[in-house]
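Here is my note on the model you sent. Please read the points with the structure open.

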Amino acid sequence: MSENKLVYIASPYAGDIQKNVEFAKAACRYAMEQDCTPVAVHLLYPQFLDDHDPVQREAGLRMGHRVLEACDELWLCGSRISTGMEMEIQEAKRLGIPVWEISAEQIQGGFTMEKKYGVWAMRSAGSVCGAAQSWCKHGGKPMEFESIEQAESYAKQLNESCYSPNVHYAAKEMEPELNQGSGFSMRM
């Protein structure tokens, strides 16, 4: 594979959207690690289009096909092929763009996604210092808890010991981090 190819990432969106979005992000990270530039329109277009509205879905597919025209390759990520992905495959073939199959194991084998929880501190606008939000930190790094229950317990302790009505603490899931592992292989 030559360096810095523009690759179109095709993976499912509908269904378990949160899980599918996390997988698409991991696929983009994997492409980046392969010295490619990933494009995942299904991470962009749902930000302003409703996938359940047939007219908007069709517009998203049409715009995606236009983006595909500029790409060097289409990467078919995972084993499930949605109807939208099938249309992307047919368009890539029509355009003469190579289609490569990338397994979920390849994508996830190099990265693990760990869920972590933290405590989110919120200061209201009524505070002398003004409104602010941040993770509770220790040693300059956000505190991490293995379970939501642990984070909730710590937030409760903080709320009970807090003397200001302008400060509140709440447990919150942190953005999953992708941790690089070993065993990268490319089967195309």
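**Notes on side-chain contacts and the main pocket**

1. Salt bridges come first. The whole structure contains 5 of them. Bear in mind that this is a predicted model.

2. Asp51 and Arg57 join through their side chains in a salt bridge, with N to O at 3.0 Å. How accessible are the two partners? Asp51 is partly exposed, at 27% relative accessibility. Arg57 is partly exposed too, with a relative accessible area of 29%.

3. Glu91 pairs with Arg94 in a salt bridge, and their closest N and O atoms are 2.8 Å apart. Both sit in helix α4, which covers residues 83-95. They are 3 residues apart there, so about one helical turn separates them. Glu91 is buried, with a relative accessible area of 13%. Arg94 is exposed, at 58%. The cut-offs explain the labels: Glu91 is called buried because its 13% falls under 20%, and Arg94 is called exposed because its 58% is over 50%.

4. Lys116 and Glu146 make another salt bridge, with the closest N and O atoms 2.7 Å apart. This pair links distant parts of the chain, its members being 30 residues apart. Where do they sit? Lys116 lies in the loop between β5 (111-114) and β6 (117-123). Glu146 lies in the loop between β9 (141-142) and α6 (148-161). Lys116 counts as buried, at 17% relative accessibility. Glu146 counts as exposed, at 55%.

5. On charge pairing in general: side chains of opposite charge can pair when their charged atoms come close.

6. How many disulfides does the structure hold? The number is 0. Cys36 is buried, with a relative accessible area of 5%. Cys136 also counts as buried, at 11% relative accessibility.

7. Now the largest pocket. Its volume is about 410 Å³. A lining of 25 residues surrounds it. Which residues lie nearest its centre? They are Tyr13, His42, Asp51, Arg57 and Leu61. Asp51 and Arg57 are the salt-bridge partners of point 2.

8. The biggest contribution is from α3, with 5 residues. Helix α4 also carries the Glu91 and Arg94 pair of point 3.

9. Aromatic pairs number 4. One of them joins Tyr45 and Phe48, edge-to-face. Their ring centres are 5.7 Å apart, with 75 degrees between the planes. Tyr45 counts as buried, at 11% relative accessibility.

10. Phe145 and Tyr154 give a pair of another geometry. Their ring centres are 5.6 Å apart and their planes stand at 35 degrees, so the pair is tilted. Phe145 counts as buried, at 13% relative accessibility. Tyr154 counts as partly exposed, at 25%.

Notes:
Residues numbered from 1 in each chain as written. Predicted model: local features only at pLDDT ≥ 70, side-chain atom pairs only at ≥ 80, totals over all residues. Heavy atoms only, no water. Salt bridge = Lys/Arg side-chain N within 4 Å of Asp/Glu carboxyl O. Buried < 20%, exposed > 50% of the residue type's maximum accessible area, 1.4 Å probe, protein only. Helix = DSSP H or I, 4+ residues; strand = E, 2+ residues; numbered from the N terminus. Disulfide = S-S within 2.5 Å. 1 Å grid on protein atoms, 1.4 Å probe; cavity = no way out; pocket = protein on both sides within 12 Å on 5 of 7 lines; lining within 4 Å. Points joined across faces, edges and corners; volume = space filled by probe spheres on them. Phe/Tyr/Trp six-rings, centres within 6.5 Å; stacked < 30°, edge-to-face > 60°.
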